[in-house]
Amino acid sequence: MIKKVGVLTGGGDCPGLNPVLRAIVKSGINKYGWEIIGFKDGYHGLVENDFIKLNPGNVSGILDRGGTILGSSNRDNPFNYKVVEKDATKFVDKSDQVISNLKDMGIEAMILIGGDGTLTSGRDFARKGLKVIGVPKTIDNDLSATDLTFGFMTAVETATEAIDKLHSTAESHHRVMVLEVMGRYAGWIALESGIAGGADIILIPEIPFDIQKVAAKVLGRKAAGKTFSIVVAAEGAKSIDGEVVVSHIVKDSPDPIRLGGIGQKVANNLTTIAGFDSRVTVLGHLQRGGSPSAFDRILSTRFGAAAVELAQSGDFGKMVSLKGNEITAVSLEEAVGKLKTVNPQGELIRFAKNIGVGFGD
Ligand code: F6P
């Protein structure tokens, strides 16, 4: 029987992290009498031994709160950890130190809540013998071993609301409105919010677009009496003859490339080619903030409670996962390193095309 467990939230935050923590703490303590230690700011707290003791009191009232009460970081990799000594920066493997700290603290297992980066380190810790359970999170929904990650549906709701608002102003001014959404190298947020918001054109990384075809679609709508168009562009979308647009580099991040700027590029091109007054809105981190939707509160509660049951049954080295409508578990070895991207031949794309959505292909 496990008695003392550590937990952390790593990577970019997303709506649903607090409900997962709440579910872990409430079920771990109420049902199994665990002691639970929360490490602050993802792997940073684990390496630096910065933690708080979690109890039902400090997770009370957080079900509807965005962010994470533990803090998070998408910069710290315990296997390649940034250390500054005498003005010199070096990267050091701190994994053995972490394992020995946990042993000294009497922590028998870790529940790691994060995306691919956090869970890849989790797999590497599991390979070193640490008892690890993973919980998948990301607004991008790009983890291959789960049908959905929590945070995604809330981001889709936020983007859909933005598309709804852009519609009225686009119509009043006879403009093309381009909304750039997040998602890294996967087009899930763009595709699902685009469908939910009734976008005319959706640009995703999985379908490189021809700007001439995007312009033709906008002009075709004009010819049919529709004097405005809504384009949703995933930040990772690229044209058939171009590359993804990089907004900036975060030097000390394990995944340093930050995407952004394709929306502006598309808007500029549409103004030039189609002669439309075009504007761009970059939704940015609004997609990561705010209260989790009811769907995400339920999914994250299920994931948190399932992670506790998995640890209690001694089934380590696994990540909880949603398959269909069932919560199941997959090995961390299988769960990481593979992106789940949109299938360009899949049902959702086909149906979107059938109802007239353009993808620029
Ligand atoms: O992975 C989540 C995500 O929000 C991506 O959609 C986006 O590309 C990236 O993180 C932004 O990272 P940061 O918060 O470091 O700017």
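## Thr154 and helix α5

Thr154 is a residue of helix α5, in a model that is predicted. Its relative accessible area is 4%, and Thr154 is therefore buried, the limit for that class being under 20%. Beyond its neighbours within four places in sequence, Thr154 makes contact with Pro15, Ser291, Pro292, Ser293 and Asp296.

Helix α5 also holds Glu171. With a relative accessible area of 47%, Glu171 is partly exposed, whereas Thr154 is buried. The C-alpha atom of Glu171 is separated by 60 Å from that of Asp96, a residue 75 places away along the chain.

## Domain arrangement

The protein chain is divided into two parts: domain 1 comprises 4-150 + 292-335, and domain 2 comprises 154-289. Taken over C-alpha atoms, the centres of domain 1 and domain 2 are separated by 33 Å. Contacts between the domains involve 16 residues of domain 1 and 16 residues of domain 2.

## Nonpolar cores

The largest nonpolar core contains 65 residues. Within this core, the residues with the most contacts are Val7, Trp34, Ile111, Ile113, Val135 and Phe150. The greatest contribution comes from helix α5 (residues 152-173), which supplies eight residues. Because domain 1 (4-150 + 292-335) and domain 2 (154-289) both give residues to this core, the core lies between them. Another core, of 26 residues, lies apart from it; Phe125, Met319, Ala335 and Val336 are among its members.

Val7 illustrates the contacts made by a residue of the largest core. Not counting residues up to four places away in sequence, Val7 touches Leu21, Ile24, Ile36, Ile37, Gly38, Phe39, Leu54, Leu70, Met110, Ile111 and Ile113. Two of these partners, Ile111 and Ile113, are also listed with Val7 among the residues with the most contacts inside the core.

## Gly194 in helix α6

Gly194 is placed in helix α6 (residues 188-197). Gly194 counts as buried because its relative accessibility is 0%. Leaving aside neighbours within four places in sequence, its contacts are with Ile163, Ile189, Ala199, Ile202 and Val232. Gly194 and Val156 are 38 residues apart along the chain, and their C-alpha atoms are separated by 8.8 Å.

## Ligand surroundings

The residues around the ligand are Asn74, Ile139, Asp140, Met182, Gly183, Arg184, Glu235, Arg258, His285 and Arg288. The distance from a ligand oxygen atom to a polar side-chain atom is 3.1 Å for Asn74. For an N or O atom in the side chain of Asp140, the corresponding distance is 2.6 Å, and for one in the side chain of His285 it is 2.9 Å. On its own the ligand has 400 Å² of accessible area, of which the protein covers 82%.

Asp140 is located in the loop between β7 (132-136) and α5. With a relative accessibility of 9%, Asp140 counts as buried. Apart from neighbours within four places in sequence, Asp140 is in contact with Phe152, Gly183, Arg184, Ala186, Trp188 and Ile189. Of these contact partners, Gly183 and Arg184 are also among the residues that surround the ligand.

Key:
Residues numbered from 1 in each chain as written. Predicted model: local features only at pLDDT ≥ 70, side-chain atom pairs only at ≥ 80, totals over all residues. Heavy atoms only, no water. Core = buried A, V, L, I, M, F, W, Y, C linked by side-chain atoms within 4.5 Å. Buried < 20%, exposed > 50% of the residue type's maximum accessible area, 1.4 Å probe, protein only. Helix = DSSP H or I, 4+ residues; strand = E, 2+ residues; numbered from the N terminus. Domains from an automatic or database assignment. Contact = heavy atoms within 4.5 Å. Near = heavy atom within 4 Å. Polar contact = N/O pair within 3.5 Å; in protein donor to acceptor, adjacent residues only side chain to side chain. Areas by Shrake-Rupley, 256 points an atom, 1.4 Å probe, with all protein chains shown as cover.
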